[in-house]
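Here is a briefing for a reader new to this structure. Please look over the sequence and the model before reading on.

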Amino acid sequence: MRNALFVFLLPAAGVVGALVTLVQGRLTHVHVALFLAGFVLTGLGITVGYHRLLTHRSFETHGVVKAVLLILGSMAVQGPVAGWVANHVKHHAYSDRDGDPHSPREGLLHAHWGWLLRFSDVPVERYAATVRRDRVAAWVSDTFVLWVIAGYAIPFLVGGWEGLIWGGLVRQIVVQNVTFSVNSVCHRWGQRPFPTNDQSKNNWIVGLLGLGEGWHNNHHAFPTSAYHGLRWWELDLSGYLIRFLDAAGVAWNVRRPNRLEILRRAS
Ligand SMILES: [Zn+2]
Ligand SMILES: [Zn+2]
């Protein structure tokens with residue numbers, strides 16, 4: 001029920017509110033800026049913080065940087081990080097087989113939205129015990145509600161009710177559905193340069209919108225790689241942020257397959 005509220009009901013209210021502001025001609029540059037900034041920041045919180053840093057440990061970073069990334073990820077309203085990691089670890093363990101929380105084998109709609117109604121089924125103690133042992137991650141996970149409220153309050157304080165609609169609710173719908181597309185679209189349509197034991201695909205549209213996460217067959221072939229774009233033309237904004245953190249000296253042990261490993265795994 002709680003998932004339905006945050007995935008369907010609040011976003012639906014956001015869409016109605018957004019249409020009203022558009023029809024009344026009240027959309028301003030501030031609202032657009034709040035939407036774009038919120039989209040990129042909370043999106044990177046999911047891709048770099050929740051996914052590449054915490055789930056796959058593809059690099060290490062300072063506790064403050066980790067907290068900021070995970071707080072931004074929490075603002076994307078995809079659940080506390082411990083539960084998110086548990087679901088995603090299980091997805092990699094059972095990709096497109098019995099036990100995968102969101103395989104399109106059970107239907108594209110199930111992979112995109114339907115599985116969320118069973119979100120709490122995956123035991124955190126079994127699949128995300130490392131998150132509970134990580135003091136910073138456990139704290140952000142336990143204070144999740146606070147960050148969701150902050151994610152609505154900040155655009156409200158900057159841009160009023162329309163700011164909340166565009167920088168809070170519409171931003172949330174778009175980021176959520178881009179993430180869900182990695183689960184649905186990227187296991188159905190795209191290229192498979194690597195013959196992995198699942199149906200993962202590289203989909204360039206989700207690659208662009210998903211800040212690099214659409215190179216999903218690359219990711220299933222090399223789950224611990226900090227970079228999902230492995231060729232120069234595979235744009236990977238999340239990977240560029242990790243490269244920047246590395247160059248700035250606040251990321252270390254950044255993992256990436258070498259050219260030989262990539263060639264060996266390619267079909
Ligand atoms: Zn996958
Ligand atoms: Zn993953």
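This is a predicted model: local features need pLDDT of at least 70, side-chain atom pairs count only at pLDDT 80 or more; totals for chains, interfaces and linings use all residues.

Residues are numbered from 1 along each chain as its sequence is written, chains are lettered from A and ligands numbered from 1 in the order in which they are written, and side-chain values use heavy atoms, with hydrogens and water left out.

**Zinc ion (ligand 1)**

- His91, His187, His216 and His220 each give an NE2 atom to the zinc ion (ligand 1), at 2.0 to 2.1 Å. Donors are N, O and S atoms within 2.8 Å of the metal (3.2 Å for Na, K and Ca); water is not among the atoms, so sites may look incomplete.
- Along the chain, the donors of this zinc ion (ligand 1) have the spacing H-x95-H-x28-H-x3-H. Distant parts of the chain are linked by His91, in helix α4 (residues 81–93), and His220, in helix α11 (residues 216–221), which are 129 residues apart. Helices (H or I, at least four residues) and strands (E, at least two) are DSSP runs, numbered from the N terminus.
- The angles among the four donor atoms of the zinc ion (ligand 1) run from 96 to 147°, and the site is irregular. Four donors count as tetrahedral if all angles lie between 85 and 135 degrees; four count as square planar and six as octahedral if opposite donors are over 155 degrees apart and all others between 65 and 115; anything else is irregular.
- Both His91 and His220 are buried. Buried means under 20% relative accessible area, exposed over 50%, and partly exposed in between (1.4 Å probe, protein chains only).

**Zinc ion (ligand 2)**

- The zinc ion (ligand 2) is coordinated through NE2 atoms of His51, His56, His88, His92 and His219, at 2.0 to 2.2 Å.
- The sequence spacing of these donor residues is H-x4-H-x31-H-x3-H-x126-H.
- Helix α4 holds both His88 and His92, four residues apart, which is about one turn of the helix. His88 counts as buried because its relative accessibility is 7%.

**Helix packing**

- Helix α3 (residues 63–75) packs against α8 at an angle of about 25°, and their axes are 10 Å apart. This makes α3 roughly parallel to α8. Axes are lines fitted to C-alpha atoms, for helices over the stretch in contact, and angles run from 0 to 180 degrees between N-to-C directions. Angles under 35 degrees count as roughly parallel, over 145 as roughly antiparallel, 65 to 115 as roughly perpendicular and the rest as oblique.
- Residues of α3 including Leu70 and Ile71 meet residues of α8 including Trp139 and Val140. Contact means heavy atoms within 4.5 Å.
- Helix α1 (residues 2–23) and helix α9 (residues 144–184) cross at roughly 120°, and their axes come within 10 Å. The two helices α1 and α9 are therefore oblique to each other.

**Single residues**

- Ala138 lies in helix α8 (residues 135–142) and counts as buried because its relative accessibility is 9%.
- Ala138 is in contact with Val131 and Arg132, leaving aside its neighbours within four places in sequence.
- Arg57 is in the loop between α2 (29–55) and β1 (60–61), and counts as partly exposed because its relative accessibility is 33%.
- Arg57 is not a glycine, and its phi is positive, near 50°.
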